[in-house]
Amino acid sequence: MKCYKYPKCFFIRKLLRMTTLKIPIFRPDSQFIRLWEILIVSITIYNAFIVPFRISFQPNFYGTWILLDLIGDTILIADIFLRFHLGYFKYGEYIEDKKKIAKRYRYQLFRRHLIASFPGDLIARIFLPNLLFIIALLRLPRLLRLPQFFRIFNRWEINVNINPTLIRMCKLIIFIALINHWVGCGWFLIGNLETNFGSGDSWLINKSLESLDTRTQYINSLYWAITTLTTVGYGDITPATEIEIIFTVMVMFSGISMYAYIIGNVSSLISNLDAAQARYREKLDQITTYMRDNKIPPILQHKIRDYYQYRWIENRDIRDYYILDELPYPLKTKLALQLHKEVIKKVPIFQGSSPQFIEEIVMALKPEILPPNEYIIREGNLGNEMYFIKRGLVQVFSEKTGSIYRNMVAGTFFGEIALVYEQPRTASIITLTYCELFVLHKEDFKKVLENYPYFASNVRKIAKERYEGENK
Ligand code: CMP
């Protein structure tokens with residue numbers, strides 16, 4: 001591979017050549033990449049907290065911390081290699097061409113990631129082991145990875161199977177924690193510089209914190225950051241020099257706008273957390289008020305409220321199904337197949353049918369939920385639809401003779417006689433429990449019968465048996 005961008009840079013050219021090793025291309029939506037992204041996000045958060053802390057407080061860190069740094073840095077370098085083998089989607093098309101992937105990465109993020117991974121602190125550690133401030137400062141480029149943290153979170157919001165509001169909330173909490181931490185570190189750094197190199201006056205001296213342990217100093221700095229950012233400002237830690245006053249004013253000023261933004265965000269996040277539940281509650285309130293205003297008998301009121309509760313607990317809101325009407329036909333079919341797979345599995349006359357038939361029938365079925373002890377069909381009425389039972393129990397009986405023909409469970413169908421023989425309903429059907437049904441309207445029924453003779457003959461056979469059984 002030629003390196004046009006960096007013709008003189010031997011190191012980068014070598015690195016680019018190594019990136020074309022025979023490694024497979026990873027899909028961005030694969031499990032491995034998801035786990036990898038979690039790792040990258042964790043390292044980025046770790047660096048975003050640790051780097052400013054080390055710059056401000058200059059703690060002497062050894063052992064585990066150095067090991068953690070090294071592990072994080074190695075993973076970030078490995079990420080650069082991985083990104084040369086990470087496919088991507090462009091206008092919905094999956095691109096796995098190595099050259100295109102490499103070109104895209106080189107133009108977009110490669111340089112930034114390379115700078116972010118530069119091991120300047122390691123070099124400084126070898127040559128200037130005592131200059132903790134310089135060592136810490138040289139890790140500052142790691143923060144260039146921060147935008148990636150937000151990008152990954154934004155992707156999770158859309159692609160991961162977790163409530164997007166929860167992911168947004170998580171992102172917001174990390175963001176707030178980071179800002180408070182950074183301001184706390186900045187406040188301490190200013191106090192420390194003022195103490196050692198300034199006028200000799202500082203908030204640290206006023207609070208007699210200048211020679212206390214790092215933990216106490218950090219807690220006080222963070223406390224100041226939170227109280228100032230939220231504009232609570234108890235006034236127990238106050239600026240002592242001009243620079244500290246300027247910093248305080250800046251923090252207070254940005255605190256006002258930041259918290260207005262955060263509070264707005266949090267309230268909208270909380271109300272979105274379960275939008276369906278909020279909608280359900282609102283609907284229930286509306287109906288209850290409406291029924292009370294119209295003096296509906298309490299038993300009916302109770303039944304209607306019960307119905308909404310069932311619909312909510314079992315199905316969330318079946319109206320959501322109709323929102324999907326705006327999808328294009330192929331997507332809607334796929335979705336309907338997925339949503340109705342339970343009923344397709346349960347209904348014996350659907351078994352062994354062709355995929356085309358299943359697709360057609362699935363698109364024609366409309367869900368309906370009924371409470372117990374309600375008529376679905378009345379004997380003698382005209383019939384315009386037949387039903388498939390997804391869940392629940394119904395009873396077929398004759399109102400004229402009072403005889404019960406049978407009870408029907410999930411997987412069975414009824415209401416076909418009126419459609420096949422073009423005549424009034426031969427029996428009445430009442431729900432014995434809450435029932436989830438699928439309705440097939442007359443026009444759709446006829447279309448399906450015309451196109452699929454095998455299904456037609458099965459339905460006609462069952463209709464005939466039932467009809468003749470009744471008229472014996
Ligand atoms: P339909 O006549 O349209 O409406 C009432 C339905 O009850 C009828 O279609 C059949 O699906 C069903 N039905 C009628 N008689 C019987 C029976 N003897 N056994 C089972 N189901 C029946």
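Predicted model: local features only at pLDDT ≥ 70, side-chain atom pairs only at ≥ 80, totals over all residues.
**Entry 1, domains.** I began with the domain assignment, which gives domain 1 as residues 1–145, domain 2 as 276–317 and domain 3 as 327–471. I then looked up how the last two of these lie to one another, and found that the centres of domain 2 and domain 3, taken over C-alpha atoms, are separated by 28 Å.

**Entry 2, the sheet.** I followed an open sheet of four strands, whose order I noted as β4-β9-β6-β7 with antiparallel pairing. Its edge strands are β4 (375–377) and β7, each of which pairs on one side only, and on average neighbouring strands are turned by 25° against each other, direction ignored. I reminded myself that strands of a sheet pair through backbone hydrogen bonds, either parallel or antiparallel. Looking at one pair in detail, I found strand β6 (residues 394–397) joined to strand β9 (residues 428–431) by four bridges, the two running antiparallel, and I noted that Q395 stands opposite I430 in β9.

I turned to the ligand, which is surrounded by 17 residues, the closest being Y405, F414, I417, A418 and T426. The elements that contribute two or more residues to this shell are β7 (404–408), α19 (417–420) and α21 (453–471), and of the elements it is α21 that gives the most, with three residues. I also sorted the shell by residue class, and it divides into eight nonpolar, four polar and five charged residues.

Note on methods: Residues numbered from 1 in each chain as written. Near = placed C-beta within 6 Å. Nonpolar A, V, L, I, M, F, W, Y, C, P; charged D, E, K, R; others polar. Domains from an automatic or database assignment. Pairing = 2+ DSSP bridges. Axes fitted to C-alpha atoms, helices over the stretch in contact; angles between N-to-C directions.
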